[in-house]
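Good morning, colleagues. Please take a moment to look at the sequence and the structure on the screen.

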Amino acid sequence: MADLLGSILGSMEKPPSVGTAERKKAKAQKAMLEKQQEAEKKMLDNFRLKIQKRIHEFIQDGKQEKLKLEPMDKVFRAIVHEVAEVAGLSSFSFGQEEEDRYVMMWKKEFAPCDEELLAYRKGEEWDPERAKELAKQKELSDAAQQELPAKSSTPASNYRDKYKHLIGDEAAKDAARGLVSNSSYGFVPSKNKQDLRTIEQVLADTRARKRQKVDHQTSADHQTSADHQTSADQSAIDGTQSSAADSS
């Protein structure tokens with residue numbers, strides 16, 4: 001059995017082994033990749049130091065309010081935003097295309113307004129003097145609009161003139177003066193709501209309503225008792241007839 005198993009294993013092909021050349025090639029590729037990563041890291045670190053120095057000089061310069069940098073890749077812009085945030089600056093990226101996007105920074109005391117940011121996003125130059133002039137014109141225009149009198153809501157035509165040949169000049173006024181309340185629609189004059197009966201009449205009416213209610217209830221009770229009696233009599237008759245039929 002052992003010889004048979006050994007012969008089978010001996011006849012099987014051995015798995016391919018990695019040669020020395022392949023191992024050296026893989027090792028070289030790994031070393032090259034690590035070298036590239038190290039070079040990129042060093043380049044980014046140098047760029048960070050350069051930006052930190054440039055931002056420091058910008059902060060120390062009391063004459064500058066904003067700083068515009070040259071277009072750069074996204075990874076570099078991310079470093080600029082990070083350094084600017086640490087330094088307490090306001091930073092924004094502008095530009096339409098990815099390769100044309102750049103970063104602009106402002107000192108906190110000179111933070112940009114929405115109109116300025118909108119101008120840069122549109123690719124336009126920001127002119128503060130022009131902006132002040134436009135804002136002043138807008139204020140004057142708004143003030144003039146507020147001073148204008150409100151437009152009256154006068155109808156285009158007068159129904160009285162239109163239907164003068166039908167209702168006349170005084171028909172509407174006469175109808176208004178002759179208008180009376182219609183009690184069927186709930187418009188009852190207050191004098192009609194007053195109870196003009198005397199106390200004796202009120203008491204007599206109350207007693208009469210009570211007697212009428214009692215009489216009505218008594219009549220209903222008598223009718224109910226009569227109905228019950230009739231039903232009982234009919235049941236007795238039905239029972240007698242049923243017993244007679246059973247006896248026969």
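The model is predicted, so local features need pLDDT of at least 70 and side-chain atom pairs count only at pLDDT 80 or more, while totals for chains, interfaces and linings use all residues. Residues are numbered from 1 along each chain as its sequence is written, and side-chain values use heavy atoms, with hydrogens and water left out.

I begin with the sheet. Three strands, in the order β1-β3-β2, form an open antiparallel sheet; strands here are DSSP runs of E with at least two residues, and helices are runs of H or I with at least four, numbered from the N terminus. Strands pair if DSSP finds at least two bridges between them. β1 (66–68) and β2 (90–94) are at the edges with a single partner strand each, so one side of each has no neighbour in the sheet. Between β1 and β3 (residues 102–106) there are 3 bridges, and K66 has W106 in β3 as its bridge partner.

Helix α2 (residues 20–60) lies across β1 and β3, at about 150° to β1. Contact means heavy atoms within 4.5 Å; axes are lines fitted to C-alpha atoms, for helices over the stretch in contact, with angles from 0 to 180 degrees between N-to-C directions.

Finally, the largest pocket holds about 280 Å³ of space. A pocket is an open set of points on a 1 Å grid over the protein atoms alone, where a 1.4 Å probe fits, with protein on both sides within 12 Å along at least five of seven lines; lining residues have an atom within 4 Å of a point. The volume is the space filled by probe spheres set on the points, which are joined across faces, edges and corners. α5 (128–147) and α4 (114–121) each supply at least two lining residues.
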